[in-house]
Amino acid sequence: MDDLVGLAVIVILVVVAGAICGLIALVQLNGLKQEVAVLRAKITHLQTHKSISQSEPQSEASTAQAALSRSEPIAHKAQPSLTSQNASPPVINQLSAPPKKAKPAEASAIELLFNKLRAGFEENWMTWIGAIALAFGGIFLAKYSLEAGLLSPVMRLSLGGLFGLGLIAAAAYLHHKRIVFEGFNNYIPAALASGGFITCFALTLLAYSSYDMLSPTVAFFALAIIAISASAMALRLGPLLAVLGIIGAYSVPIWVSTGSGNLFALLMYIGFVSLSAALVAHKVQRAWLWYLLWAGHIGWYLVGFTLLKANTVWLMGAFALLSIVGLIAIPRLGLKLNVIEHRPHSLKRLLKVLPDHALLLAFIAPLIFTMLISHFDMQWQAIGVLSIVLVLFLVLKNSRWDIWQGVALVISTLLVLGAQRTHLSPNLFDDALFIFKNEYGLGLLLGLLLTAFGLYYGKKQIKRLAFHITGAFSAFVMIATLYTLIPNSALSTAYPLWAVALFVVAAILIKLAQHNTTLFQRFTYWVGANANITLAITMLLSDSGLTIALAVQVLLISVLIKRYNVPMPHWPIKALVAALLLRLTLAPWTPSYDALTVFGLHWSIVVYPLCIALFFAAAKCFDSSKLKIWLEGAALHCLALFITTETSYQLVGHYPQFDSLNFYEQILLTCNWLALGCVYLHRAKLAGTLAKLYKVAGFALAGLAGLFAIKTLLDDNPLFESLYIGELPIFNWLLLLWLVPAGLTLWLAKLVKPINAKATPFILAVAGGFILLAINSFIRQYWQGPYIYLSKGASNAELYSYSVIWLVMGAGTVIFGHLKNQLLIQKVGLGILAAVIVKVFLIDMANLEGLLKALSFIGLGLSLVGLSWLFQKIRSRVNQV
């Protein structure tokens with residue numbers, strides 16, 4: 001009884017709401033009628049005023065007005081010539097078209113679609129709300145029939161089916177009688193039909209998945225008939241039915257979920273809904289219907305992975321592959337896949353084939369990712385191989401998908417990685433035939449098959465470069481992948497087979513390169529042959545051999561580009577160089593490189609200088625290209641790595657550990673990074689677009705060097721602590737501690753001046769501090785030996801030597817400043833002399849007495865007089881010049 005009362009209340013509310021909506025619509029209609037009447041009156045008034053103006057005796061104006069009335073485009077064309085003449089009467093200007101306004105920016109496709117939908121909703125909002133209410137009514141009726149248990153399942157489904165069929169019949173009747181509107185504006189029949197079809201979809205799925213009243217075959221055909229019927233009626237009733245049908249059909253599993261987790265039923269339902277929606281979108285010719293279809297289909301496809309089990313892997317794989325065929329291949333190639341295109345396309349055009357690339361990745365990427373994180377078995381292996389076959393089959397059908405050959409190669413590589421992670425066994429390598437088993441056999445087979453595929457179809461369709469790239473590099477990529485997986489202990493078993501395969505493929509490529517006509521084909525085959533040979537040689541070497549091989553490959557590609565004058569894009573070389581630099585940067589701190597040797601020497605002594613030479617040699621191949629700057633920058637980066645790492649290694653036996661650097665490592669890093677920072681800043685002047693990057697790197701290195709210098713000055717200063725600095729005068733650690741940084745800081749000030757002139761005095765002051773510390777430390781080391789800490793005291797001879805040397809240096813500085821006419825240098829020299837005089841009076845002569853004290857003052861006075869005379873002489877000579 002309560003349910004009946006509730007139902008009555010709902011019916012009353014619906015009637016009241018409909019009456020209110022009707023009253024609102026009536027008021028709006030009356031208002032619109034009044035506005036139309038006012039507009040008509042205004043138009044009549046304007047036409048009357050216009051006829052009076054036309055009656056004035058102006059022949060030229062009449063001619064212009066006639067042209068305006070005959071054709072608006074003619075008026076627009078004639079207007080500039082009339083208005084540009086000074087003798088034109090003002091009436092013509094009044095009658096002519098108003099001046100053109102600036103053309104507004106064209107709205108985007110999304111804005112146009114939004115405006116169109118908004119306008120349609122404003123005009124037909126009651127119809128839209130009614131359609132949505134009917135759709136939800138059908139869904140909730142099915143849900144209520146399940147939960148209430150008032151009627152038997154057959155009766156519930158029958159009543160729901162009659163309700164849905166009744167809505168569809170009413171829609172067909174209204175459309176046939178043309179009671180409301182005509183054509184694609186027939187919104188009310190479309191709304192009724194959409195509610196009926198959604199109800200039928202829901203009830204059919206409910207009968208199959210919840211009550212087991214339908215077998216899979218019957219449910220299959222029932223859903224197919226409903227989908228085809230909805231599609232057929234949408235072609236007559238317009239896009240409204242298509243929109244509501246697609247959204248409603250995709251939302252049915254949410255509203256009528258049984259909680260059984262039946263993945264097969266879900267994917268079957270989504271497949272038929274997508275098929276129906278695709279037919280509608282194709283016939284109605286509305287692009288946004290495709291967007292709804294893709295969003296719903298891919299969304300449920302991703303939801304399906306949450307229900308994935310070990311026995312349903314094949315189901316997800318089959319659904320993904322069928323989705324690629326249905327949503328990408330058939331719309332492009334036709335139902336029979338007989339629309340074939342073999343035209344060659346440029347790389348730029350191949351990259352812009354949308355939405356095909358995005359849809360392919362949306363189906364393939366989740367599938368492969370799930371394979372990598374799951375237990376690899378025959379199901380995943382079969383799905384991966386079928387994915388490769390399907391992708392290559394579609395490539396043969398349409399040349400716009402040539403880039404998908406790279407997708408096939410990536411899938412092959414991930415298949416090998418997935419198999420290796422699952423089948424990893426310590427006893428695998430005991431059998432010498434392991435190279436033909438599991439991931440090793442799979443990788444070798446896929447590499448050779450892809451190579452044969454690329455070479456065969458590249459010979460048949462010479463101008464499609466993607467085939468040549470696949471044929472040239474597939475074996476290289478797959479064997480290189482296996483090489484990274486195999487342990488060093490098992491490499492000796494696999495190497496003979498892999499080397500033979502690489503050399504055979506290289507020989508075939510070289511042979512083909514001699515008989516091909518296109519420049520890109522010859523270039524691709526030469527590079528592929530070099531890559532295969534380089535990899536075969538690399539496997540004989542240690543881990544650093546791969547780095548050398550890749551660097552050699554950069555040089556070979558550069559030489560081939562220069563030799564054949566190939567207009568090859570720079571990004572592949574840049575990507576290869578970037579990968580090499582990352583490998584070279586991380587190598588010193590990789591455990592496997594600790595004790596690695598090349599030709600009996602530590603690897604960094606060989607690899608870094610060789611890579612520097614190879615990068616500089618490759619840069620010579622690009623005389624006036626931005627790639628030249630890129631390669632030179634790579635060489636400088638290798639130089640920075642070499643100086644940073646090798647100096648520390650030769651000093652302490654290991655690479656720098658930045659959290660535990662000793663005194664000598666800090667000295668070396670300060671000099672190294674400061675020098676490299678100056679090199680980068682100098683390089684920024686010639687780097688073009690990379691100038692900002694060089695500046696950032698230069699300032700970063702200089703800043704790090706400054707931090708180490710401050711740390712050395714405060715914590716590890718040999719003047720304050722007992723630190724060994726060396727036995728030899730000048731050529732000891734003090735040279736690198738303060739004198740070399742002083743010279744580099746002066747260079748840094750010169751480089752920074754054009755960038756930030758205000759920072760130059762500060763940098764010069766730092767350089768002066770370094771020079772002061774260096775000279776005083778050298779003097780003290782000469783008298784004190786390898787330990788110069790101040791607590792040891794100082795002899796009189798040491799104190800006098802400071803005065804003599806600084807006196808000479810101050811005088812030399814003043815003289816140099818006069819010769820260069822630099823007032824700042826002169827002031828520095830005079831400051832040094834003043835400091836020396838103060839030191840002499842306060843320290844040197846403090847302990848002298850008698851004759852020694854007198855002679856010291858006489859000597860100091862004569863020295864000052866002599867310096868004064870010398871300065872006047874130099875000043876007069878400079879003034880004469």
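Helices (H or I, at least four residues) and strands (E, at least two) are taken as DSSP runs and numbered from the N terminus. The structure is a predicted model, in which local features need pLDDT of at least 70 and side-chain atom pairs count only at pLDDT 80 or more, whereas totals for chains, interfaces and linings use all residues. Residues are numbered from 1 along each chain as its sequence is written, and side-chain values use heavy atoms, with hydrogens and water left out.

Helix 12 spans residues 287–304 and contains 18 residues. From its first C-alpha to its last, helix 12 reaches 26 Å, close to the expected 26 Å, where the expected span is 1.5 Å times one less than the number of residues. Buried residues (under 20% relative accessible area, with exposed over 50% and partly exposed in between; 1.4 Å probe, protein chains only) in helix 12 include L289, W290, W294, H297 and Y301.

A nonpolar core is a set of buried Ala, Val, Leu, Ile, Met, Phe, Trp, Tyr and Cys residues joined through side-chain atoms within 4.5 Å. The largest such core has 100 residues, of which I324, W404 and W498 touch the most other members. Helix 13 (residues 313–333) gives the most to this core, with eleven residues. Contact means heavy atoms within 4.5 Å; leaving aside neighbours within four places in sequence, I324 is in contact with A329, L360, F363, I364, L390 and L394. A second, separate core of 40 residues includes F523, L581, Y593 and Y608.

T645 lies in helix 25 (residues 626–652). This residue counts as buried because its relative accessibility is 0%. Not counting residues up to four places away in sequence, T645 touches P588, W589, Y608, Y655 and P656.

The axes of helix 26 (residues 663–684) and helix 27 come within 7 Å and cross at roughly 155 degrees. Axes are lines fitted to C-alpha atoms, for helices over the stretch in contact, and angles run from 0 to 180 degrees between N-to-C directions. Angles under 35 degrees count as roughly parallel, over 145 as roughly antiparallel, 65 to 115 as roughly perpendicular and the rest as oblique; helix 26 and helix 27 are therefore roughly antiparallel to each other.

E721 is found in the loop between helix 27 (691–714) and helix 28 (733–752). With 33% relative accessibility, E721 counts as partly exposed. Its contacts, not counting residues up to four places away in sequence, are D715, D716 and Y789. E721 and Y789 are 68 residues apart along the chain, and their C-alpha atoms are separated by 5.7 Å.
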